[in-house]
Amino acid sequence: MAAPLSVEVEFGGGAELLFDGVKKHQVTLPGQEEPWDIRNLLVWIKKNLLKERPELFIQGDSVRPGILVLINDADWELLRAS
Amino acid sequence: MCEVGEDYREPAPAGPPPPRPSREQKCVKCKEGLPVVVIRAGDAFCRDCFKAFYVHKFRAVLGKNRLVFPGEKVGCGTASRRRPVPAASRTPGLGGGAGHVGGAVPPVVFLLPQVLLAWSGGPSSSSMLWQVLEGLSRDSAKRLRFVPGVVYADEGAACGQSPEDRAKTLAEAKLVLQTVGFPWHIVALEEVFSLPPSVLRCSAREPVGTEGAYKAAVDSFLQQRHALGEQSQPCPQHPQSQVGPPPANQTEALSRLFNSVKTLTAKEELLQTLRTHLILHVARTHGYSKVMTGDSCTRLAIKLMTSLALGRGAFLAWDTGFSDERHGDVVVVRPMREHTLKEVAFYNRLFAVPSVFTPAVDTKAPEKASIHRLMEAFILRLQAQFPSTVSTVYRTSEKLVKAPRDGCAAGTPGPRCLLCMCVLDVDTADSATAFGAQTFSQLPQTQPPVAQAEAPTVSSCCSGMGGARRCCRPEEEEEEEEEEDPRAHVTEQLCYGCRVNMKDLPSLDPLPPYILAEAQLRSPRAKAEQQIQEYLLEDHEDAARPGES
């Protein structure tokens, strides 16, 4: 059971175009059964923040190839062990 | 908490995926720091090592290709031993150029090359700008040595941006340029309508007035700095930079041109061509001998594949190599070609490099909208699964050699494409190429078979002028042909790739006048040359083109 989580989501390099041009979003993720992870976050973003053209942002479970994800200024790749 | 142990990708085709670096690991270089970014297939770097790696790569690319020759004697100018500048008063833009030296040190005589940095506002070119800035302000021997300038091309009209958006972007761009502090030139793409036809000519000589322009630019730059002291000074706005928005009729003409292009692919290619000409013109006018563009490794890998698909395979070495000397006097170099887009993005983020985002012609376009988009999606998707894709393609591009085709006359280079200015990939004896087939299929059906049979044997006479199309026929017939088909004398001066692009332009009228003028200029001259070819001595081939400069 995950408590509500306050997160700042920031888009840049053109990704903000899909979010009405807004770069920084302060969001509060609602409490839910599963713990919050990036995959759930992306789904949530798609449903609640994304304004247009989901195919340009999300591909399947993850972001579209070419879009970089940083968590606290560190590469997402580092947090995905094999 | 983030989930660990879950692989979000589709299963790899063969074998388990290689172990990925995790946060618990240390930086692979210093073995101490906490890693922040994964480079290449699995190297995790900490912040400081990443910075060192990034900066080193930039300087190594310049050094390896001998772009900058510290101490090379080229001409006159006074230059420095460095006078030590206390850190507190170091201004951005300090460095480079000539300095004045007190004391007993005799003035060393060498000329620093003037390099124009082509800045699009995007991350790669912004990073390049920042690297140059930092490189020029380093101490003594490690300092980069050239005089930089920046050019920013406002392409809003071609991308359908509103005047308000363009003004906003321009204001942001100016802020960044002022921070950087180099002399800058802001040009609007609309200025292609006032370009002279000479921009399309390859010039072997240095641009006229180079020495004077250099000295003047360096001197005024230094004077400004001395006069205004430590604060960041306004950079000299060259009289040719646009002060206000371009005239509405030019904007309209540009919009009309781009709206008339049928496919996005051709639009992108046309935009690139015009942009290149514009930047070339700025470089020549202000005496810059080199232009640096911010093409990253990723972009060049995509460009390589795209160029193949567009029929520009013959020119890959120039289009994707480190240096591109097709213009003669101005050399285009690509110092960012070993940095992947990921590295660039991370560096800019971690070290706060400012950039200005502008939408391009293909922003938000669907994946299959153009060949460029398709290739980009292909490469990036492949890269996600196989992280060595981009570097493999890049290494392949490094091996490309700029050699003339076998069968071409050695020595004198052949004629050049009107638009991309590459030496035409023509070999009249070999009609088995796509180029030959295209040329052949353009021959009018009524042409007597005799002339066609003669085609392979008439070698240098017809070279580059669309094969046997216009040669060895009575003049009257030629003139008639010309009037019936005005496009032909432009098309026949293009390389295969450019011809294919032109097909998507229903009418050549909206093109900027310099292109049509130069096409016109080359046509009758070429014909006259063909007619007197047999009377010319071999040496005179160079002298027969007096007007090129």
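## A pair between two chains

B:Arg349 is partly exposed at a relative accessible area of 41% (buried is under 20%, exposed over 50%, partly exposed in between; 1.4 Å probe, protein chains only). Its side chain meets that of A:Asp73 in a salt bridge, 3.0 Å from N to O (a side-chain nitrogen of Lys or Arg within 4 Å of a carboxyl oxygen of Asp or Glu). A:Asp73 sits in the loop between strands E5 (70-71) and E6 (74-75) of chain A and B:Arg349 in helix H10 (residues 341-350) of chain B, so the pair joins two chains. A:Asp73 is partly exposed as well, at 32%.

The model is predicted: local features need pLDDT of at least 70 and side-chain atom pairs 80 or more, while totals for chains, interfaces and linings use all residues. Residues are numbered from 1 along each chain as its sequence is written, chains are lettered from A and ligands numbered from 1 in the order written, and side-chain values use heavy atoms, without hydrogens and water.

## Pairs within chain B

B:Glu518 and B:Arg201 form a salt bridge at 3.1 Å, N to O. The two are 317 residues apart, B:Glu518 in helix H18 (residues 513-532) and B:Arg201 in the loop between strand E7 (184-188) and helix H5 (210-228). B:Glu518 is buried at 1% relative accessibility, and B:Arg201 is buried at 12%.

## Chain A

Chain A has one helix and six strands (DSSP runs, numbered from the N terminus: helices H or I of at least four residues, strands E of at least two). Their order along the sequence is β-β-α-β-β-β-β. Of its 82 residues, 43% count as buried.
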